[in-house]
Amino acid sequence: MSAYHQLLAATVDYLKQQKANGQRHVVVDPAKLAALMRAPQAAQPHPPTTQSSSVSAKTDSFVELREMVQACTQCPNLVSSRKNVVFGVGNESADIMFIGEAPGADEDAAGEPFVGKAGQLLTKIIETMGLKRDQVYIANILKCRPDTPGKRYGNRPPSGDEMATCSPWLHRQIEFIQPKIIVALGKTAVEGLLEQQVAITRFRGTWQTYRDIPLMPTFHPAYLLRNQSLTEKRKIWEDMLAVMEKAAMPISEKQRGFFLPR
Ligand code: URA
């Protein structure tokens, strides 16, 4: 990480600490602010490029990518409302990558994607596939929780602008991880990755391609929380069976039969 980004990350940490302590304003010396503006990379971290990296550079650069994302200030409204930037979690060499929409309140508080109710369901789905959560990689289209000014709870979907601003980070993340398969969870994830509008009910279960990587669109686990019928559970499960087949994972008869009507 460059000295500038180290300084920026330390400043962000310090300000977060102040915010957690109830401080709402900081006094900044104009001369220092001007000096900061003149810093080599003050404008923004460079937008991620599409260059591929060698395997040895992979870890270091992924660490740097994380630092850059943690220090991102491109959406001022989200910067001021977020508790944490939610970069992603899991195995950085995973074969399967799950991509959701954006952090919710639980994820914002924890700094980790999919840890709330929908996340617990996603973890169950992953485990039913015979995998552990730390064997796959989990991320979102948006790295910050979409703000909901004036509301004390609830979520909102990311705006088109927020998705366009944030998705280069995810594209770069995917380049490093090089998953064999991407599972896009819900309409926003599919639209963010494929950069086209989709009807998720028609798209789910049909293989798509994201930059040469097979992509399986499926329902968001939050949808299953709202609709717990066997038919809908089976639809997601069939999508996961297709993923397991493509990944050449072993599938037991028991697994094949989950959520079928008795
Ligand atoms: N929903 C998402 O899309 N992502 C999360 O991280 C949590 C809930």
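Which residues is Q173 in contact with, leaving aside its neighbours within four places in sequence? Point 4 takes this up.

1. Basis of the note. This is a predicted model, in which local features need pLDDT of at least 70 and side-chain atom pairs count only at pLDDT 80 or more, while totals for chains, interfaces and linings use all residues. Residues are numbered from 1 along each chain as its sequence is written, and side-chain values use heavy atoms, with hydrogens and water left out.

2. Overall make-up. The protein has 12 helices and 6 strands. Helices (H or I, at least four residues) and strands (E, at least two) are DSSP runs, numbered from the N terminus. Of its 262 residues, 43% count as buried; buried means under 20% relative accessible area, exposed over 50%, and partly exposed in between (1.4 Å probe, protein chains only). Accessible areas come from the Shrake-Rupley method with a 1.4 Å probe; for residues, only the protein chains shown count as cover. Among contacts (heavy atoms within 4.5 Å) between residues at least 6 apart in sequence, 70% join residues at least 24 apart.

3. Helix α7. At 1.5 Å a residue, the 18 residues of α7 should span 26 Å, and the end C-alpha atoms are 25 Å apart, which agrees. The expected span is 1.5 Å times one less than the number of residues in the helix. α7 bends by about 40° at C166, and the proline P168 follows within four residues. The bend at a residue is the angle between axes fitted to the seven residues ending there and the seven starting there. Because 13 of its 18 residues are buried, α7 is largely enclosed by the rest of the structure. After α7 comes Q178, whose phi is positive, near 50°.

4. Q173. This residue is found in helix α7. Q173 counts as buried, at 0% relative accessibility. The answer to the opening question is F62, L65, F87, G88, Y137, A139 and K143. With one of these, Y137, Q173 makes a side-chain to side-chain polar contact of 3.3 Å. A polar contact is a pair of N or O atoms within 3.5 Å; within protein, one must be able to donate a hydrogen and the other to accept it, and residues adjacent in sequence count only if both atoms are side-chain atoms.

5. Helix α8. The buried ones are T188, A189, V190, E191, G192, L193 and L194. Their cover includes the helices α7 (160-177) and α9 (200-203), together with the strands β2 (96-100), β4 (181-185), β5 (208-210) and β6 (213-218). E195 follows α8 and has a positive phi, near 50°.

6. E191. Within α8, E191 is buried, with a relative accessible area of 17%. Not counting residues up to four places away in sequence, E191 touches M163, Q196, Q197 and V198.

7. I213. The place of I213 is in strand β6, and I213 is buried at a relative accessible area of 13%. I213 and I181 are 32 residues apart in sequence, but their C-alpha atoms are 6.1 Å apart in space. Apart from neighbours within four places in sequence, the contacts of I213 are I174, P179, K180, I181, I182 and Q208.

8. The ligand. Around the ligand are G100, E101, A102, E107, P113, F114, N140 and H220; a residue is near a molecule or strand if one of its heavy atoms lies within 4 Å of it. A polar backbone atom of A102 is 3.0 Å from a nitrogen atom of the ligand. A polar side-chain atom of N140 lies 2.8 Å from a ligand nitrogen atom. An N or O atom in the side chain of H220 is 2.8 Å from an oxygen atom of the ligand. On its own the ligand has 240 Å² of accessible area, and the protein covers 91% of this.

9. N155. The loop between β3 (137-140) and α7 holds N155. N155 is exposed, with a relative accessible area of 55%. Not counting residues up to four places away in sequence, N155 touches G104, A105, R145 and T148. The side chains of N155 and R145 are joined by a polar contact of 2.8 Å. N155 and A102 are 53 residues apart in sequence and 9.4 Å apart in space, C-alpha to C-alpha.
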